Each structure stands twice: as structure tokens, then as C-alpha cells.
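Me: I am new to this structure and would like to learn how to read its features. Could we begin with the place where the chains meet?

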Amino acid sequence: MRPAPPNPKAFTILVVEDEFLIGLELVDVLEGAGYAVLGPAPTVNAALTLMEQTAFDACILDVSLREGDSGPVAEALKAKGVPFVLSSAYERATLDKVPAFRDVPNIGKPNPPHEVLAALAAMTEDRGVGGH
Amino acid sequence: MPNSPTDHFEAASTLAVVVSSHEPLLFLSQDLKVLAASASFCRTFGIEPSTVSHKRLSDLGKGEWAMPKLASLLKATASGNARIESYEIDLIRLDQEPRQLVVNACKLDDGDEQRTRLLLAITDVTEGRAEARLKDALIRDRAMLLQEVQHRVANSLQIIASVLMQSARRVQTEEARGHLHNAHHRVMSIASLQRQLSASHDGDVELRAYLIQLCQSLGASMISDPSRLSIEVNVDESVVGADVSVSLGLIVTELVINALKHGFPDEREGMIHVQYGSGENNWKLSVIDDGIGMPAGDNAPKAGLGSGIVEALARNLNGAIQVSDAGPGTNVTISHRNTSGAAPNFLGADSNATIS
């Protein structure tokens, strides 16, 4: 089978996703690979609240949430120094209109589970065990 | 102004030409007095024709033509130092919307050094500019709308893919799970095309980039040991319409899934080749594996949903399916020859290909 991420139990992933069914599936994929999941947070406020309350190692960030884009979450993640990837069907040029999204990789949508896991493995790789 | 007989004579013919012009025109003396204004000028800018003669340009109407920049440009033109070409100014009038004007002026040379005449042509471009702005705005709106639609389509495909994977995890039988996984692959195949389409902007798809992305995605989710099995994609420069590419992509998806599932049991090593090439009136898509080959005769497995889909899609593309022994392995080739000219929307491939 697919190689598991290095010591995945040690990593917690914040999932920001406002589409219930997509969030449910992401949680399944991440937990199936041994990650702990924080969320899914469906709004900017929910995400910011979770970020204050709980430590985590990386984030998968949906861009267009019901109340607007998730730029404020991206800014907070950058301020915290937590690695994250975008999960958006928008093109790069559209994403780059929001400064906080620039230089942040986008795994695209729809994304097959293996691509989500590969992106997470790359992000958590250099964070070492028990990053928080 | 001195009115010598010749002066008067020259002016009469010139004035007649100016007055009858369909374009807004002003015929001016060196000191910017109006010698004649075309009827079209008076009509366009709301000036009573009987009042214009020998009036200063700056006194026309209610003084709205007293524009210092225009006056200095006209003086420069009169002294031969400049020519006004497509100079843009705004005409500001009391209680009226500003008009955007484009003015052109030239010095008329009639051989008399003492007497300088200027011809000033004024075009009101307000409506044209507004129309151009509206058109730009419509094009921007349309592009944004298209992007929103693409975004929604992709999001919906993600929801469908998520639901299928959720179901696949929860069903009890391996067979049902297999069907749900296949359905997931098909959705992802269309999603992959959707990405290529939104990058292309003109509705055409570069087949090579699409099939490479598609097979990478299939391989990543279905091949657990890439050193044992691999997929090689060999596609020419073909560019095809969206409806053709969706069919070709789904055919490749089905055939690659079939080969991976049935061709390489017991940790058998091997390779799957996906090939596509097209000529002026024909194209050929092949998926060739070096696996165990298709059992023939009564032992042949029942044609599953997969091959049914391939048949239907191939028919849709006017393609003939040929299954042959690749010794070892299986070669499935769909070939199309355009004899009737009734080919599906196909935009040709090489530079010498025709558009049918």
C-alpha cells in the first residue's frame, strides 16, 4: 500500500471546508491515513476559533466559504507559521488576487485522496515528530 | 476683416464646402475667428448657425469652446509648429453631460503666406466610448460568470467524488466497492478534463496533457507499487473539442482500469501503453498491456460495465473497436476513419490537418 506519512499519529490537521460532504470525506481520508483531524471548520470564524483553542501541524484550506473567501484564515496561518495548502477549483490567477493566497500551493478540486495525502506528507515531513 | 474681392471669392467656395460637410468642421482664421462652421457642427453641438460667422472660437455658444489647451494647440498649428492629430478634449457645457471629443486640425496652404486658414474637425466619441466601456464590462462579466460556472462544476464533481468514496468505504461487498471505485475514477476522469478545459479558454483540449494527467491520476490511485506496474502515455499534438475529449478520456479510463485489474494478477510486473495518433481524416487510440492477455471462448469473463461503456463511447465517436492478442497481453484499439465527413467535432491535429 501507499507509504504512510512519517509517524502520522503525531500530526493534527486543521480542515477548513464549508461543503459538508467534501469535509466528511476529507476527515475519512485523513483519519484513514493516521492523522488527527481538527474541524472541518465551515466558516472563517469557526476556523479562527479552532486555531486559538487547539494546536495543529498543518491545514487544508478551502478558499471560497459561504461568507466570503478564507483570506483571513490564510493570514492567520502565515502569522502562526503553520504550513497549509489550498483546496480550490479556482485558477491560480483568481487565487492570486487575494495576497494571502499567493505562494500557497493549491491541490485543486476535485482532488483524488492520494494527492491530498501526498501534499500533507510533504508539509509535515520537515516539521518533525510532534510539531506542536 | 478686410474683404477684398479675391478674398471674398476664395472664401465663398471654401465656405460652401465647409458648411455642407457631413462632419462637424470649423474653418478658422489665424486669430481663431470662425469663418465657417459646418451645419453638422452646429447641429451636433447645439449652436445657432446664423450666429457663428466671424465670431471668436472662444465666444461660440455660451463660451464652452474657450478651452486654453485647444487655443494654444490651434495657434501652434497656425504657426506651422504642430499639427493636431486625434487630440482628445472634453467639452463641458452648463447643465449638460460632458462630451468626449477627438479633434484634428491642420493648416490650409493656399500659397498665400500672409493669410493662414485652419480647418478643425471635431468628432464626438462619447457614445462610442461608452459603448466600448459597456462591451469591455460585458466581456469581463462573461469571463467572471464562466469562471464561476467552472468553479461550481468542479466543486460539484468534488462532492460527487466524495460521496462515492464515502459509499465505497461503507459497503460490505468487494464487488460493490469495486463498482463505486470505478465510478469514482470516471468522475475524476471528467474532473481532470474540466481542469484542462478551464485552462484552455477556447473549449479545445490538448489531448497529450489531458491523457498524461489522467493516467498519472489513475496510476497514483490504483498502482500500489510503481516499480512493478507503470503506464506510459504516447500522444501526438492533437487538439480536440471538449465533447470528443470527454469520450476519449472515459475510454482510456475504462481500458486502463480493466488492464490494471485483470491483466496483472499474482504480483506480475508489466506496463500499459496508451497511444493516440491522428492524421487528416483518421485517428487511432490504443491501450496495450503486456499482462496475461484476455481469456478467449467460454472462459471469457462477462463483459462488465466497463466494456459496455467503451462500446457506447466508441460508437459515439464513429470508432471501431478491435481487441487483439499483444503476445503477451492485450491490445485494444479504437480507430476512426472519416469517410462521410460526418465526424464529431474534431479540430484536427497536425498543422496540415483539416478542420472537419
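Reply: Two residues are in contact if their C-beta atoms, placed from the backbone, lie within 7 Å. This is a predicted model, in which local features need pLDDT of at least 70 and side-chain atom pairs count only at pLDDT 80 or more, while totals for chains, interfaces and linings use all residues. Residues are numbered from 1 along each chain as its sequence is written, and chains are lettered from A and ligands numbered from 1 in the order in which they are written.

Me: How many residues does the contact take from chain B and from chain A?

Reply: Chain B supplies 21 residues to the contact and chain A supplies 18 residues. Helices (H or I, at least four residues) and strands (E, at least two) are DSSP runs, numbered from the N terminus. On the side of chain B that touches chain A, two or more residues each come from helix 4 (126–170), helix 5 (174–200) and helix 6 (207–222) of chain B. Helix 4 of chain B gives the largest share, 13 residues.

Me: Which elements does chain B contain as a whole, and how many?

Reply: Chain B has eight helices and twelve strands. Of its contacts between residues at least 6 apart in sequence, 55% join residues at least 24 apart.

Me: How should I read a sheet, and which order do the strands of the open sheet in chain B follow?

Reply: Two strands pair if DSSP finds at least two bridges between them. In chain B, five strands form an open sheet in the order 2-1-5-4-3, with antiparallel pairing. Strand 2 (34–37) and strand 3 (84–91) of chain B are the edge strands, each pairing on one side only. Within this sheet, strand 1 (residues 25–29) and strand 5 (residues 117–124) of chain B are joined by five bridges. Leu25(B), for example, has Ala121(B) as its bridge partner in strand 5 of chain B.

Me: What is a nonpolar core, and which residues touch the most other members of the largest one?

Reply: A nonpolar core is a set of buried Ala, Val, Leu, Ile, Met, Phe, Trp, Tyr and Cys residues joined through C-beta atoms within 7 Å. A residue is buried if 20 or more other C-beta atoms lie within 10 Å of its own, again with C-beta atoms placed from the backbone. The largest core has 43 residues, among which Ile13(A), Cys59(A) and Leu61(A) touch the most other members. Helix 5 (residues 113–125) of chain A gives the most to this core, with five residues. A second, separate core of 33 residues includes Val205(B) and Leu207(B).

Methods. A residue is buried if 20 or more other C-beta atoms lie within 10 Å of its own, exposed if 12 or fewer, and partly exposed in between; C-beta atoms are placed from the backbone.
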